[in-house]
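Visitor: Could you walk me through this model, one feature at a time?
Guide: Gladly; let us look at it together.

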Amino acid sequence: MTDRIERELWLPATPQEVWDAVTSDGWLGDRVSLELRPGGDAEFESDGELRTGWVEDVSMPERLSFWWAVGQEPASRVELRILERDNGSRLRIVETRPLDRLDLVGVPLPGAGGVGYGPALVAA
Amino acid sequence: MSKREPEDRAGAVFGALSDPTRRALLAAIAEHPAPTATELAAQLPISRQAVLKHLNALAEAGLLDRSRSGREVRYRFTPGPLSDAVDWMTAVGAEWDERLAVLRRQLGAGTKSAPSGAAERSTTSAGSRDRARPSPRSAGRPAPPPSRHRSTPAAG
């Protein structure tokens, strides 16, 4: 199990237009350098902060997955999917941060609701 | 503990919470005024030795504060580290909201309107499904802290 962020957005543009926008300078970083092949280098610079990583998989203009990290911080994985939908494109973004130490599948965390813990834990 | 990176600590926190016995222990500690291992063992169907082992794991993750009281050690729940994981998701979620807002301005302004049912969707999870969900309207601004998260324990 991982920490996970998921977003979806429909845009009135073709998948290729969306692809161009999300891989260009100014979106994933002020300056973006992506070597579009599996194992390719990836660099993203924004406000003097450099994120480095590598490309996991590319299928233009539908799918791009890569890993990135700032310095020695744990890396996270980003997956962008672009699908033609309703005369436009649906962009789906998933960023995950694998927590590799322990498997968290099915673990109800405090605050998750439906767990019979005390009010103090739920409030935390 | 405090020298570790927040992301690193979040992993330790979720690891510590991944064990049902440890969660039960934490709940028991949060509900009582600074119990000792002996008192906790009396409440739970596990030995004092086992209780101590789990208490150590929880303390390692920064979820417990230990203080010596006579011959025994008393434990208090310190929920602070729980916020690290939430912080990561809040920060990263806000970054994506901002990027999506940029895209919408760049490609979305326009002639076609979004088809019904094609509204934005956002999900943020840390093993749970109902944590922070920054609204799309918060794009471009830092997401507000999730309402379920409070920094002060209700008991303590």
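Visitor: What is the mean pLDDT of chain B?
Guide: pLDDT is the predictor's confidence in each residue, from 0 to 100. For chain B the mean is 70, and 58% of its residues reach 70 or more. This is a predicted model, in which local features need pLDDT of at least 70, side-chain atom pairs count only at pLDDT 80 or more, and totals for chains, interfaces and linings use all residues. Residues are numbered from 1 along each chain as its sequence is written, with chains lettered from A and ligands numbered from 1 in the order in which they are written.

Visitor: Where in chain B is the pLDDT below 50?
Guide: Where pLDDT is low, the predicted coordinates should not be read in detail. In chain B, residues 110-114 stay under 50, with seven contacts beyond four places in sequence; a contact means C-beta atoms, placed from the backbone, within 7 Å. The pLDDT is also below 50 over residues 127-156 of chain B, a stretch with 72 contacts beyond near neighbours in sequence.

Visitor: Which residues touch the most other members of the largest nonpolar core?
Guide: In soluble globular proteins, nonpolar side chains tend to be buried together. A nonpolar core is a set of buried Ala, Val, Leu, Ile, Met, Phe, Trp, Tyr and Cys residues joined through C-beta atoms within 7 Å. Buried means 20 or more other C-beta atoms within 10 Å of the residue's own, exposed 12 or fewer, and partly exposed in between, with C-beta atoms placed from the backbone. Here the largest core has 24 residues, and A:Leu9, A:Leu11, A:Val18, A:Leu91, B:Met89 and B:Val92 touch the most other members. Elements that each supply at least two residues include β1 (2-11) of chain A and α5 (82-108) of chain B. The largest contribution, seven residues, comes from α5(B). Helices (H or I, at least four residues) and strands (E, at least two) are DSSP runs, numbered from the N terminus.

Visitor: How many bridges link β3(A) and β4?
Guide: Strands pair if DSSP finds at least two bridges between them. β3(A) and β4 (residues 49-59) of chain A pair in the antiparallel sense over six bridges. A:Phe44 stands opposite A:Arg51 in β4(A). In the two-residue turn of this hairpin, A:Asp47 has a positive phi of about 50 degrees.

Visitor: Where is the cis peptide bond?
Guide: Most residues other than glycine have a negative phi, and most peptide bonds are trans. Here a cis bond joins A:Met60 and A:Pro61, with omega about 0 degrees. A:Pro61 is in the loop between β4 and β5 of chain A.

How values were computed: Two residues are in contact if their C-beta atoms, placed from the backbone, lie within 7 Å.
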